[in-house]
Amino acid sequence: VVSELVEKVLECIEDMHGNHVIQKVVENMPSDVDFVIQAVAPRAGEMASHMYGCRIIQRLLENCEPSSISSVLEPIVEASDELSKDKHANYVVQCILERGRLRDNIRIVEI
């Protein structure tokens, strides 16, 4: 199943039903989600603001070591001033504050 998802991660994330499949992959196979991280990272800010993408990033934060998702976290932390005001991304910023690295929390508070 995962091999079939690799090429369609972003398509699934942006889909009303497909995002649930990606969420379950992250929840149940956290050590095998590099393909999700690689797909999300270049568009992390956009995904954080997306009504379904924000859920995927939250699942990554809940189920993966922060060091393994730093390529997703860093652009979000840097844009946290704007993202914290977004109707979807604010939940991602809150999740980073709850589950993220101390340095990310400090950076968000400083911004």
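Student: What should I know before I start?
Tutor: The model is predicted: local features need pLDDT of at least 70, side-chain atom pairs count only at pLDDT 80 or more, and totals for chains, interfaces and linings use all residues. Residues are numbered from 1 along each chain as its sequence is written, and side-chain values use heavy atoms, with hydrogens and water left out.

Student: How many salt bridges does a search of the whole structure find?
Tutor: Nine. A salt bridge here is a side-chain nitrogen of Lys or Arg within 4 Å of a carboxyl oxygen of Asp or Glu.

Student: Why would such side chains pair at all?
Tutor: Side chains of opposite charge can pair when their charged atoms come close.

Student: OK, which residue does E46 bridge to?
Tutor: R43. Their closest N and O atoms are 2.6 Å apart.

Student: Which residues are linked with R43 and E46 in a network?
Tutor: E14 joins R43 and E46 in a network of salt bridges.

Student: Switching topic. What does R101 pair with?
Tutor: One partner is E74, at 3.9 Å from N to O. R101 lies in the loop between α9 (89–99) and α10 (102–110), and E74 in helix α7 (residues 70–78), so the pair ties together parts that are 27 residues apart in sequence. Helices (H or I, at least four residues) and strands (E, at least two) are DSSP runs, numbered from the N terminus.

Student: And D104?
Tutor: D104 also forms a salt bridge with R101, with the closest N and O atoms 2.7 Å apart. Both D104 and R101 are buried. E74 is partly exposed, at 39%.

Student: How do α7 and α10 sit?
Tutor: Their axes come within 9 Å and cross at roughly 15 degrees. That makes α7 roughly parallel to α10. Axes are lines fitted to C-alpha atoms, for helices over the stretch in contact, and angles run from 0 to 180 degrees between N-to-C directions. Angles under 35 degrees count as roughly parallel, over 145 as roughly antiparallel, 65 to 115 as roughly perpendicular and the rest as oblique.

Student: Which residues make the contact?
Tutor: L73, E74, V77 and E78 of α7 meet R103, D104, R107 and I108 of α10. Contact means heavy atoms within 4.5 Å.

Key. Buried means under 20% relative accessible area, exposed over 50%, partly exposed in between (1.4 Å probe, protein chains only).
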